[in-house]
Amino acid sequence: MNHSHLSSLFKTLRHAPWLEFHRKSWPSSLNRLYDRITGSDYKASVLPILDWWVQEGQAIDKHGLVSIIKELRQYRNYTRALEVSMWMSDRRYVELLPSDIAIRLDLIAKVHGIEQAENYFNNIPKQVKVLPVYNALLHCYAHAKQLEKAETTMRKMRDLGFSKMSWSYNVLLNLYYKTGNKEKFDSLVREMEENGIEFDKFTYGIRLSAAAAGPDLEGMDKILAEWESDPRSRMDWTDYAVAANGYTKAGAVDKASAMLKRSEEHIPSSKRRRGAYEYLMTQYAVLGKKDDTLRLWKCYKEHMKIYNRGYGCIMTSLLKLDDIESAEKIFEEWESEHLNYDNRIPNNLLGAYTRKGFLDKAEAIMRRITLKDQKPNPTAWNYLAKGYLDRGQIEKALESATKAVSAAQPGWMPDKDVVVACLEYFKTKADFEGAWEFIKLLGDKNIIPVNAQERLLSRIKNENLTAVVGEMEWDCPNKFEQYGCDFTFYEYKQLEELPLELKHGFGIVVADPPYLSQECLEKFANTVSFA
């Protein structure tokens, strides 16, 4: 069973601004304590903050501490959540309930690893090793994709009579789905049916995602029919969107379109209306449904204020439909709104223009960016360089490529074909000094390793360049064009350039620092706090 990540949809679902709403019901003092904790240096322990809070005579009870722990955990601030949990029992002598122990077990696994979580579990008194605690252990193993240990835990739960609810089955079912164990997946579904374990929304969702990943059209039809006929579990727009994605993958356009229509029907009742409009527009475009894309865009504007992400989604959708004229009108509308300037918006048009060979229009876009007192980013110059290269204007390509690399932060990658063409140009002109300056610039930006610089210059003088350049790893930013508005270029040294609408907008943040230096790790930590 192939595991499809359904990338665009899941990125949309990660946006979770509604998670902050419940904090409005907190007492003001609890909000102040939470702000002190989250506003402190991420490297520093929160224990002095909690101790000082008590010394000030401020009240804090178990309910408030648990609320803070859950909030920190919700935003993946696991280390601080674990510290508060430990302080609650070690300094305030609060007796932990099984639910508190389950949360701590999960936090230990995330902060210190599965081995320490196992040690903690083994030292828990037998009388409190009840369903929530075993569920937490099962979830830890599933999260770590430790299949054998997860199965062993599930067997123990069966022996103890704890496996009568769908939750534990869903955890193992999802693990089988993610690890591609189709036989075990199907066997577990049959076990649920035979033992009378009710399917809930998550069971249906996992089964539907697994069938969509195939794609298994017959399986999807069957699961959808079961789900829609089950009065205990209602579908929402995301569920129909998953189905649409599976049908699209299978080439069943009519069924995919029907699922998108059903998904639309559930937008008004959703807390994620903005994400729904934006995602479904892009999916109509994938199906080539221009009228539906524009209809949904009109509906989106009638019901909500549109921000940069929304404009980006409709522009990428229209450009996917090869409708540059409509995309240009959207661009004009975006400019008239005077939102926070987002280089991704003009870059959408710039990329389309250069691919089509409309270099006059591409140059005009670059001038408009400058007139807005903005600087074209490296991706913009990279698009322009590729456009010039495709039309044989190598000197202009070299100039744009140099500006792209000069404007980039270390680690950003230009288009490989452009780099090869520029080096070939220096070779043709026997301009070894110019070649060395260009190579040094690439080296300074970590685009090519130091040990390859002399070798490149030698190849310019004596041999073909393509082979040595081809040996290097290229991670060109253009490859992410397919994700449209679901991709935001990010430079870890320029956190302030991330769009403000992304702030505190994610439930999950996966960070992969390019370096292990202190500076890089600190800036990545700041980014995680931002997101």
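The largest nonpolar core holds 128 residues, of which Ile-37, Ile-68 and Val-84 touch the most other members. A nonpolar core is a set of buried Ala, Val, Leu, Ile, Met, Phe, Trp, Tyr and Cys residues joined through side-chain atoms within 4.5 Å; buried means under 20% relative accessible area, with a 1.4 Å probe and protein chains only. Helix α8 (residues 131-143) gives this core its largest share, eight residues. Apart from this core lies another, of 21 residues, among them Ala-401, Val-405, Cys-422 and Ile-460.

The model is predicted: local features need pLDDT of at least 70 and side-chain atom pairs pLDDT 80 or more, whereas totals for chains, interfaces and linings use all residues. Residues are numbered from 1 along each chain as its sequence is written, and side-chain values use heavy atoms, without hydrogens and water.

The protein has 28 helices and zero strands; these are DSSP runs, helices (H or I) of at least four residues and strands (E) of at least two, numbered from the N terminus. Of its 531 residues, 50% are buried.

Val-418 lies in helix α24 (residues 416-428) and is buried, with a relative accessible area of 2%. Its C-alpha atom is 7.2 Å from that of Ala-401, 17 residues away along the chain.

The table lists contacts (heavy atoms within 4.5 Å), leaving aside neighbours within four places in sequence.

| Residue | In contact with |
|---|---|
| Ile-68 | Trp-26, Leu-30, Leu-33, Tyr-34, Ile-37 and Val-84 |
| Val-418 | Ala-385, Lys-386, Leu-389 and Ala-401 |
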